[in-house]
Amino acid sequence: MKFQSPFYPDALTAFKKSRFFSGLNQQEIETMLQGFLRETWKKGSIFPSQQTLERFRVLIKGRIEMIKMHPDTGRELTVMLLNPGDAFDVVTLVDGKAHDVIPQALDDLEVLSVPMSTVRNWINVHPAFNQTLLPYLGEQMRTLENLAADLALHDTVTRLGKVIMRHAVPGDMVAEPHATPVKLVHNLSHETLARMTGSVRVVVSRHIQHWKEQGTVDVRRKELAIRDLGELVSPELKEPQEIKGNRNAIP
Amino acid sequence: MKNQGYCIALYKTVEAAEKVFSALEQTRFDLCTVSVAGKQPLREEQIFGYCHDAGQVKCWGRLSPFWNRALDRLSGFAFYIVSNEGLIIVVGPLVSTMMRGLKEGPETKYSPIRVALSRIGVSSGNVDLYESMLNANAFLILEQGTQDEIHRVHDLLMHHDAMDVTIHYG
């Protein structure tokens with residue numbers, strides 16, 4: 001990416017904010033930016049597996065869902081939600097092997113890409129880059145660990161509550177004086193929320209409808225806001241009877 | 001899976017755009033997938049015109065050498081007037097995309113180049129910028145192709161004084 005590019009200031013700002021590049025100084029970031037190629041992807045696009053094997057990408061705008069799919073049933077689970085500043089695929093970067101996930105664009109995306117070999121070289125050449133990589137990897141491992149624990153130890157309604165809570169921004173009041181806007185999961189379909197929860201759309205829709213009727217959450221124009229944080233923290237207490245009665249039947 | 005996409009390069013001057021055009025020709029690149037868009041400023045003291053003769057469009061005026069060269073090698077030609085700015089000229093297969101878009105929504109409030117870029121999958125924020133750069137006398141060179149092709153072209157375009165080269169996957 002060239003310094004004269006009209007898109008350069010946005011990319012530089014995104015890199016400075018990125019957890020992946022936060023340990024680097026301005027000069028190092030600017031040098032690295034020269035090696036990147038700018039790409040845009042439309043909402044719903046799926047990154048071809050060959051590309052994720054060959055090129056390392058940093059997200060500038062939009063969100064990416066990393067999906068695992070059952071080969072026979074087609075059931076899907078979102079293993080990670082990437083936001084601006086996140087990089088992918090760090091697993092391939094580390095082990096050099098193809099990663100069996102489907103990266104799908106949740107919004108129109110702007111990404112910067114660079115060959116994997118270049119990033120591996122940076123790890124050797126720039127000690128500061130190496131130092132930021134390890135905490136970033138640790139954070140991603142922690143996210144996956146939490147997901148595994150949630151899937152094994154909690155029921156669907158608790159997991160859904162946790163997904164919403166994990167992305168809430170308390171104190172950042174926007175439309176409603178007593179509502180907590182949800183930063184990331186807003187504008188996502190129930191299908192996507194179901195993939196993030198490890199459930200199916202029907203169940204997620206039913207839970208959200210129930211919370212809406214209870215006044216726990218507010219859904220307007222696909223924006224989800226939490227009206228009662230306390231109720232969402234202990235969602236089991238507010239589980240709809242028809243779901244509670246059929247818990248074993250719910251995926 | 002062969003991902004189709006567009007590589008769009010921005011050039012500040014006609015000289016830079018001409019150089020890259022020559023480079024594309026020298027590499028025997030298939031020019032039928034290349035489009036060019038730029039502005040022909042209209043000033044009272046200058047004359048710009050075009051004619052269609054013997055199956056070929058010819059321009060005359062300040063930037064006519066560049067446009068005539070593009071017209072010789074690429075198929076498709078269109079222009080439209082932006083009031084107080086000048087003519088926006090488009091040469092190449094992007095014209096067909098533009099015309100299809102305009103036919104579907106002739107009442108559109110958007111400019112033809114915006115319609116064309118949106119149709120090939122460029123997001124609105126990027127279209128805004130490309131349009132404003134065109135109005136500021138920059139030139140756009142677009143290449144459509146598979147992932148391998150556009151990556152190859154990207155490297156070539158990048159080495160010829162491009163302000164920016166972006167790959168857009170639709």
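User: If buried means under 20% relative accessible area, exposed over 50% and partly exposed in between (1.4 Å probe, protein chains only), how many residues of strand S8 of chain B are buried?

Analyst: This is a predicted model, in which local features need pLDDT of at least 70 and side-chain atom pairs count only at pLDDT 80 or more, while totals for chains, interfaces and linings use all residues. Residues are numbered from 1 along each chain as its sequence is written, chains are lettered from A and ligands numbered from 1 in the order in which they are written, and side-chain values use heavy atoms, leaving out hydrogens and water. Strands (E, at least two residues) and helices (H or I, at least four) are DSSP runs numbered from the N terminus. In S8(B), B:Asp164, B:Thr166 and B:His168 are buried on one side and B:Val165, B:Ile167 and B:Tyr169 on the other, and the buried count is six of six.

User: Which residue of S8(B) stands opposite B:Gly5?

Analyst: Strands pair if DSSP finds at least two bridges between them, and S8(B) is joined to S1 of chain A, running parallel, by four bridges. With S1 of chain B, S8(B) pairs in the antiparallel sense over six bridges. Opposite B:Gly5 stands B:Tyr169.

User: How far apart are the end C-alpha atoms of helix H1 of chain B?

Analyst: The expected span is 1.5 Å times one less than the number of residues, so the 13 residues of H1(B) should span 18 Å. The distance between the end C-alpha atoms agrees, at 18 Å.
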